[in-house]
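My notes follow, in the order I took them.

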Amino acid sequence: GAAGTAKLTKKQERELKKAAREKAKQEKKDKKERELREKKARKEEKARRRSMSPKRKKDEKPRRRSMSPKSKNSSMAVVADAPKEPTPSGLGLPRSMSDPNLRVGLDSDGLLCVQSPEGWIGAYSPDSRKMRIERFLAKRNHRVWTKKVKYDVRKNFADSRLRVKGRFVKKEDELLMRDLMSLT
């Protein structure tokens, strides 16, 4: 009677657990297949985008060359050709060797060399440099040199702790030192 029903419920429990394990296993397998399909789709999309990008013609010169120190075939390996006449340059905005007025390359020692038009200071036109300096001065004028306490609780706790030569004393030692100080 009663013992048979108890075994039956245990048997049912085992079957339920087994079914749950199989279901979890199937879900894991489905997830893995889905991830593989998504990865394959991303690869295909990337390849499609790459094939749609404009290709360079054979007779067209590359815009940039390697900037490694190995290319010492000339005293100045030019990376970007400068135009004949200066074009309006950046308005103080950051740029990474993309200004058409600059000629960037490596010198005979393999160091980066920037050639700029006459009147320029380094890689900056006079207007661009002026804007950068004004921005720097404005930022410098707004610097805050005073300390600001973020958490008053921490400051109060630190102020109440005992220090020796500016360093906190351990809790046990602090109690001992307070006792000694109260005796003197």
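I started at the hairpin of β2 and β3, where 5 residues sit between the strands and Gly-110 has a positive phi near 85 degrees. I keep in mind that this is a predicted model. I then checked how the strands run: β2 (residues 103-106) and β3 (residues 112-115) are antiparallel and pair over 4 bridges. For Arg-103 I looked up the bridge partner in β3, and I got Gln-115.

I stepped back to Pro-100, which I found in the loop between β1 (77-78) and β2. Its relative accessibility is 40%, so I put Pro-100 down as partly exposed. I also took a C-alpha distance here: Pro-100 and Ser-116 are 16 residues apart along the chain, and their C-alpha atoms are separated by 9.8 Å.

**Salt bridges**

How many salt bridges does the structure hold? I get 4.

I looked at Arg-48 and Glu-45, whose side chains meet at 2.5 Å, N to O. The two are 3 residues apart in helix α1 (residues 2-52), so about one helical turn separates them. Arg-48 is partly exposed because its relative accessibility is 42%, and Glu-45 is partly exposed too, at 29%.

In helix α3 (residues 152-160) I found Asp-159 and Lys-155, 4 residues apart, about one turn of the helix. Their side chains form a salt bridge at 2.9 Å, N to O. I noted 39% relative accessibility for Lys-155, so this residue counts as partly exposed.

Next I went to Arg-161 and Glu-174, whose salt bridge comes out at 3.5 Å, N to O. This pair links distant parts of the chain, 13 residues apart: Arg-161 is in the loop between α3 and β4 (163-164), and Glu-174 is in helix α4 (residues 171-183). Is Glu-174 buried or exposed? I have it as buried, because its relative accessible area is 6%, and the cut-off for buried is under 20%. I also see that Arg-178 joins in: Arg-161, Glu-174 and Arg-178 are linked in a network of salt bridges.

**Positive patch**

Last, I looked for charge on the surface. Which residues gather in a patch of positive charge there? I list Arg-135, Lys-139, Arg-140 and Arg-143. I followed up on Arg-135, which lies in helix α2 (residues 126-141). With 56% relative accessibility, Arg-135 goes into my notes as exposed, since exposed means over 50%.

Key. Residues numbered from 1 in each chain as written. Predicted model: local features only at pLDDT ≥ 70, side-chain atom pairs only at ≥ 80, totals over all residues. Heavy atoms only, no water. Patch = residues over 30% accessible without salt bridge, like charges linked within 9 Å, V, L, I, M, F, W, Y side chains within 5 Å. Areas by Shrake-Rupley, 256 points an atom, 1.4 Å probe, with all protein chains shown as cover. Lys, Arg positive; Asp, Glu negative; His and termini not counted. Charge placed at Lys NZ, Arg CZ, Asp CG, Glu CD. Buried < 20%, exposed > 50% of the residue type's maximum accessible area, 1.4 Å probe, protein only. Pairing = 2+ DSSP bridges.
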